[in-house]
Amino acid sequence: MSDPGSGAPKTAGTVEVTGDTVGPVRLIGPDRTLGQLVATATAEMSALVHDEIALAKAELRQDVKRGVTGGAAISVAGVLALFSLPVLSFAAAYGIHNLGLGLAWSFLIVGAAFLLIAGLLALIATSKFKKVKPPERSIASAKQTAAVLGNVKPHPRQDQEASTAVARSSA
């Protein structure tokens, strides 16, 4: 801390250069040094990253909430459909029985219809499974990226003479 009467700025955890305030860094004065600019940029980047993380968390919370609601709704729908299957089966069998067929034959027809539908669905599933292939474009892209990265060489370092010849200022 500086003496209150000396006219020097007080810096209790803040850097004072110009009239701007960025997070914990307060900038007061006519000129900014490189260190103060870096401190300002760091504070702004930190705030930006924190805001982006907060936005991502909020979006994920909404998506998770929607997913849970959708999952619960589809689960209840599946349970209700499963419970309705025996009722509808009995209704179909008794409906066929009312047409004049014996009760045993009516249930046999309904059971055979379910087996026929299951067989057709199994045939459709096997034909779709046979068409499943590995992701060839993704594999090719990954191999190409690996080949490119395998040929990459690090940048050569500059000579010591060239690096010391650069004029540096510490204003």
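A word on the source. The model is predicted, so local features need pLDDT of at least 70 and side-chain atom pairs count only at pLDDT 80 or more, while totals for chains, interfaces and linings use all residues. Residues are numbered from 1 along each chain as its sequence is written, and side-chain values use heavy atoms, with hydrogens and water left out.

Let's start with the layout. The protein has 4 helices and 2 strands. Helices here are DSSP runs of H or I with at least four residues, strands are runs of E with at least two, and both are numbered from the N terminus. From that end, the order is β-β-α-α-α-α.

Now the surface. The protein's accessible surface is about 14400 Å², and 67% of that belongs to carbon and sulfur atoms. These areas come from the Shrake-Rupley method with a 1.4 Å probe; for residues, only the protein chains shown count as cover. Of the 171 residues, 7% are buried. Buried means under 20% relative accessible area, exposed means over 50%, and partly exposed lies in between.

Next, contacts, meaning heavy atoms within 4.5 Å. Take those between residues at least 6 apart in sequence: 5% of them join residues at least 24 apart.

On to helix α1. It covers residues 34-98. It has 65 residues and reaches 93 Å from first C-alpha to last, close to the 96 Å expected at 1.5 Å a residue. That expected span is 1.5 Å times one less than the number of residues. Where does α1 bend? At L85, by about 30 degrees, and a proline, P86, follows within four residues. The bend is the angle between axes fitted to the seven residues ending there and the seven starting there. After α1 comes G100, with a positive phi near 120 degrees.

Which residues of α1 are buried? They are Q36, T40, A43, S89 and A93. Look at S89, with a relative accessible area of 13%. Leaving aside neighbours within four places in sequence, S89 is in contact with V110 and F114.

S106 is buried, at 0% relative accessibility. Not counting residues up to four places away, S106 touches A93, I96, H97 and L101.

Side chains of opposite charge can pair when their charged atoms come close. A salt bridge here is a side-chain nitrogen of Lys or Arg within 4 Å of a carboxyl oxygen of Asp or Glu. How many does that rule give? The count is 1. R66 pairs with D63, the closest N and O atoms being 3.6 Å apart. The two are 3 residues apart in α1, so about one helical turn separates them. R66 is exposed at 56%, whereas D63 is partly exposed at 46%.

Last, a nonpolar patch. V76, V79, L80, L82 and F83 make a surface patch of about 520 Å². Patch residues have over 30% relative accessible area and no salt bridge; like charges are joined within 9 Å, nonpolar side chains (Val, Leu, Ile, Met, Phe, Trp, Tyr) within 5 Å. One of the five, V79, lies in α1. V79 is partly exposed, with a relative accessible area of 40%.

Methods. Buried < 20%, exposed > 50% of the residue type's maximum accessible area, 1.4 Å probe, protein only.
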